[in-house]
Amino acid sequence: MHSWWSLGMVDRAALAPHLELVPFRNGDMIARAGDEADSICFPLTGIAAVLDSLEGDRRYAVALVGSEGFIGWHLLLGNSRWPHDVVMRAEHGMAMRLSAQALDEVMAEHPEIRTVLLRFVDVVMTQMARTIVSSLAHSIERRMARWILLYHDRVCDDDICMTHEEFRLMLGVRRSSVTDALHKLEEDEAIRSVRGRVIVRDRERLLRLAGDTYGFAEAEYRRLLDN
């Protein structure tokens, strides 16, 4: 499901003339924390990884957004600067970019657009909250299963580009711990790990391994946006 299709036909028609198709390569910086934000983006393909930074150039993933949503939600909350880094992950991607000025002008005529977009903001905040709780309460293997499921949802392919570095950003652990966790998921026959890639062998097993780290934000998305 694409958030674009959660908008009504009239609302989509009002926005369409203002959209610009933008390509991103895997690893491209889509936005940098602290920079002025002048647009929002609706990803069509690829995954936008939202990263928070600490001292010493340490960055950690706090959320993932694919074609189900958009990035730049802080503009709807009155913040004109990017609060996080956003990087294209998993594959090359395409997005529809909409200037903040055009968004404001169209929303003034079509207020339902703001309502729909804010529903997605609620969903991504729920995803972030589950990321925090999982980091505090669950094992590395369980959290890894969750992140693989989040990627799997968004690339729509069992063969996913996921490097040790990406897992380090998501899990906040050393590379050796990433390797150990991957081996555990392989032993459970949920995935197969090859250099720089993860192949999902059994999604149902991944779901069982992830437990309650996964599913709540996804259910909220279906409730609020899956028309």
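**Figure 1. Helices α4 and α7 are oblique to each other in this predicted model**. The angle between the two helices is roughly 135°, and because only angles over 145 count as roughly antiparallel, this packing falls in the oblique class. Helix α4 spans residues 140–155 and helix α7 spans residues 203–210. Their axes come within 8 Å. The crossing of α4 past α7 is left-handed. On the α4 side, the contact is formed by R142, A145, R146, I148, L149, H152 and D153. On the α7 side, R203, L206, L207, R208, L209 and A210 take part. By residue class, the contact of α4 with α7 comprises seven nonpolar, one polar and five charged residues.

**Figure 2. Helices α3 and α8 pack in a roughly antiparallel arrangement**. The view shows helix α8, residues 216–225, against α3, a helix that covers residues 112–137. An angle of about 170° separates the directions of the two helices, and their axes lie 9 Å apart. Since angles over 145 degrees count as roughly antiparallel, α3 and α8 are assigned to that class. Helix α3 contributes V116, R119, F120, D122, V123, T126, Q127 and R130 to the contact. The partners from α8 are F216, A217, E220, Y221, L224 and L225. Eight nonpolar, two polar and four charged residues make up the contact of α3 with α8.

**Figure 3. The phenylalanines F42, F70 and F120 form one aromatic cluster**. Two aromatic pairs are found in a search of the whole structure. In the pair of F42 and F70, the ring centres are 5.9 Å apart and the planes meet at 40°, so the arrangement is tilted. This pair links distant parts of the chain, with F42 in strand β3 (residues 39–43) and F70 in the loop between β5 (58–65) and β6 (85–89), 28 residues apart. Both F42 and F70 are buried. The pair of F70 and F120 is likewise tilted, with 5.6 Å from centre to centre and 50° between the planes. Here the loop between β5 and β6, which holds F70, is linked to helix α3, which holds F120, and the two residues are 50 residues apart.

**Figure 4. F70 and F120 are buried residues of the aromatic cluster**. The relative accessibility of F70 is 1%, so this residue counts as buried. F120 also counts as buried, because its relative accessibility is 2%. Residue F120 belongs to the aromatic cluster and is also among the α3 residues that contact α8.

**Figure 5. A90 has a positive phi in the loop between β6 and β7**. For A90, phi is near 80°, a positive value in a residue other than glycine. The loop that holds A90 runs between β6 and β7, the latter covering residues 93–99. With a relative accessible area of 9%, A90 is buried, because the cut-off for this class is under 20%.

**Figure 6. E189 has a positive phi in the loop between α6 and β9**. The phi of E189 is near 60°, a positive value in a residue other than glycine. E189 lies in the loop between α6 (175–187) and β9 (191–194). Its relative accessible area is 40%, so E189 is partly exposed.

Notes
Residues are numbered from 1 along each chain as its sequence is written. This is a predicted model: local features need pLDDT of at least 70, side-chain atom pairs count only at pLDDT 80 or more; totals for chains, interfaces and linings use all residues. Side-chain values use heavy atoms; hydrogens and water are left out. Axes are lines fitted to C-alpha atoms, for helices over the stretch in contact, and angles run from 0 to 180 degrees between N-to-C directions. Helices (H or I, at least four residues) and strands (E, at least two) are DSSP runs, numbered from the N terminus. Angles under 35 degrees count as roughly parallel, over 145 as roughly antiparallel, 65 to 115 as roughly perpendicular and the rest as oblique. A crossing is left-handed if the near helix is turned anticlockwise from the far one by less than a right angle, and right-handed if clockwise. Contact means heavy atoms within 4.5 Å. Ala, Val, Leu, Ile, Met, Phe, Trp, Tyr, Cys and Pro count as nonpolar, Asp, Glu, Lys and Arg as charged, and the others, Gly among them, as polar. Rings of Phe, Tyr and Trp (its six-membered ring) pair if their centres lie within 6.5 Å; planes under 30 degrees apart count as stacked, over 60 as edge-to-face and the rest as tilted. Buried means under 20% relative accessible area, exposed over 50%, partly exposed in between (1.4 Å probe, protein chains only).
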